[in-house]
Amino acid sequence: MNLDPGWLLLLSMSLEVWSVPLDRNATPQEAQPPQEENRRMWYDTGLYYDRYLREVIEVLETDPHFREKLQTANTEDIKNGRLSKELDLVGHHVRTRLDELKRQEVSRLRMLLKAKLDSTNTQSLQMDHASLLKQFEHLDPHNQNTFEAKDLELLISTATKDLENYDAERHDEFKRYEMLKEHERREYLKGLDQEKREKEEKRMEELKDKHRKHPKVNAPGSVAQLREVWEETDGLDPTEFNPKTFFKLHDANGDGVLDEQELEALFAKELEKVYDPKNEEDDMMEMEEERLRMREHVMKNVDINQDRLVSLEEFLKSTDKKEFNNPKEWDTLDDTKPVFTEAELQRFEAELRTKEEELGKRAESLRQEQDLLKERGKALEAQRREYQQAVLEMSQRKEKQAVEGQPPTGPNGELQFHQEMQKLEDQGAKAPVEQEVQEAQNNLPAEPPQNLPIHT
């Protein structure tokens with residue numbers, strides 16, 4: 001299957017790789033294919049969206065139509081986005097699951113953005129989260145609910161680009177680790193008096209010398225290194241070493257190529273000669289850097305088309321080279337020049353000081369905010385106690401008045417009257433007035449007098 005390097009790498013790193021136990025008594029021809037009951041292992045690409053990438057490919061591989069198209073796809077099908085358009089023909093359950101995966105990824109990215117904004121003390125309410133999502137290139141930020149062909153196209157192109165830069169980033173990360181380790185060593189020695197410092201420096205040198213004393217390390221990819229794996233790991237007769245059989249034995253997932261994980265597994269015996277996690281003098285971070293150097297060395301000499309995968313044809317051609325049968329002894333990290341210069345270390349230490357100052361200011365700001373919150377908490381507590389005391393006093397006053405038969409009073413001591421009592425009093429005040437009016441009406445004559453004399 002002639003696939004684009006990026007898509008091949010995407011599949012080889014993200015799809016499951018089966019760990020196949022070797023039968024020590026079996027001949028090379030009896031090697032069995034992976035079985036379903038074998039333990040599943042995943043290769044972490046190191047990408048911040050690794051899980052999303054892996055789950056999307058897993059789901060796509062369950063669709064027979066898409067899997068068939070993938071097997072017949074060529075470089076142009078992937079580059080022009082034709083393979084991504086096949087997404088419209090996959091089953092409904094596959095599309096539903098892809099939609100769900102995308103919504104989960106968008107939700108995760110939103111949480112990352114919120115955490116970043118919170119850490120920088122930025123008012124997230126003023127931020128346009130839809131615009132912020134545009135900084136993530138592995139999905140379409142304009143459509144946050146469904147997984148479309150554009151999402152697959154972006155995922156492939158972004159993962160390919162990011163993985164191409166991954167090794168360089170790993171080297172840079174290791175360089176910073178080594179500079180930090182040296183910085184901490186120097187700071188530790190500065191804090192000791194002269195006698196203790198000299199004693200500690202001597203102890204450190206002894207550990208370095210002990211680390212350097214290890215068996216010869218074979219050049220990765222050489223006949224000596226592969227025969228050692230053939231004999232000690234595979235349990236086969238070294239005189240019957242066969243490159244083609246060796247390749248098929250270590251193509252763990254049976255896809256016809258050795259990917260980066262399968263290659264790095266071949267270096268385990270060489271790395272064990274130099275590094276032991278039980279030894280104080282052996283640094284496991286350095287071991288991982290050594291593993292990366294070995295893999296890059298093999299890829300440089302064997303990977304002809306530079307697709308980061310080793311085909312059987314490329315592997316067999318490498319066995320015909322002079323370097324395969326007569327290689328130089330492998331120089332470990334201890335035998336090479338330091339990964340950083342003194343000037344780079346000084347710049348790194350200056351960056352550390354700047355960050356420490358920023359963290360100090362941030363810590364002081366947080367301390368002041370904490371003190372302010374404590375003061376506010378105390379004020380609120382005092383106010384709460386005042387309210388509780390006022391309620392208690394009012395309750396006690398009402399109980400006392402009830403016992404003494406006095407009318408109840410309000411919060412400020414004023415008398416309170418029931419509505420019925422007020423009504424009765426109003427009626428009592430109106431009664432005398434109404435009585436006088438009635439008596440006056442009773443004293444009036446029934447008819448006005450007739451034939452009254454008229455005075456002139």
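The legends below describe several close-up views of one predicted model.

Residues are numbered from 1 along each chain as its sequence is written, and side-chain values use heavy atoms, with hydrogens and water left out. In this predicted model, local features need pLDDT of at least 70 and side-chain atom pairs count only at pLDDT 80 or more, whereas totals for chains, interfaces and linings use all residues.

**View 1. The chain as a whole holds 19 helices and 4 strands.** Helices (H or I, at least four residues) and strands (E, at least two) are DSSP runs, numbered from the N terminus. Of the 456 residues of the chain, 34% count as buried, where buried means under 20% relative accessible area, exposed means over 50%, and partly exposed lies in between (1.4 Å probe, protein chains only). Contact means heavy atoms within 4.5 Å, and among the contacts in the chain with a separation of 6 or more, 66% join residues 24 or more positions apart.

**View 2. Helix 9 (residues 166–190) meets helix 10 (residues 194–212).** The axes of these two helices come within 9 Å and cross at roughly 150 degrees, which means that helix 9 is roughly antiparallel to helix 10. Axes are lines fitted to C-alpha atoms, for helices over the stretch in contact, and angles run from 0 to 180 degrees between N-to-C directions; those under 35 degrees count as roughly parallel, over 145 as roughly antiparallel, 65 to 115 as roughly perpendicular and the rest as oblique. On the helix 9 side the contact is made by Arg185, Tyr188, Leu189 and Lys190, and on the helix 10 side by Arg197, Glu200, Glu201 and Met204. By class, the residues of this contact are 3 nonpolar, no polar and 5 charged, where Ala, Val, Leu, Ile, Met, Phe, Trp, Tyr, Cys and Pro count as nonpolar, Asp, Glu, Lys and Arg as charged, and the others, Gly among them, as polar.

**View 3. Helix 9 also meets helix 18.** The axes of helix 9 and helix 18 come within 10 Å and cross at roughly 80 degrees, and the two helices are therefore roughly perpendicular to each other. Residues of helix 9 in this contact include Met179, Leu180 and His183, while those of helix 18 include Leu345, Phe348 and Leu352. The contact of helix 9 with helix 18 has 5 nonpolar, 1 polar and 9 charged residues.

**View 4. The largest pocket has a volume of about 960 Å³.** Of the 29 residues that line this pocket, the closest to its centre are Glu178, Lys181, Glu182, Lys208 and Glu286. On a 1 Å grid over the protein atoms alone, a pocket is an open set of points with protein on both sides within 12 Å along at least five of seven lines, a cavity is a set where a 1.4 Å probe fits but cannot get out, and lining residues have an atom within 4 Å of a point. Grid points are joined across faces, edges and corners, and a volume is the space filled by probe spheres set on the points. Helix 9, helix 10 and helix 18 (342–404) each supply at least two lining residues, and helix 9 gives the most, with 8 residues. The lining of the largest pocket divides into 9 nonpolar, 3 polar and 17 charged residues.

**View 5. Glu105 sits in helix 6 (residues 92–119).** Glu105 is buried, with a relative accessible area of 5%. Leaving aside residues up to four places away in sequence, Glu105 touches Tyr49, Tyr52, His138 and Leu139.
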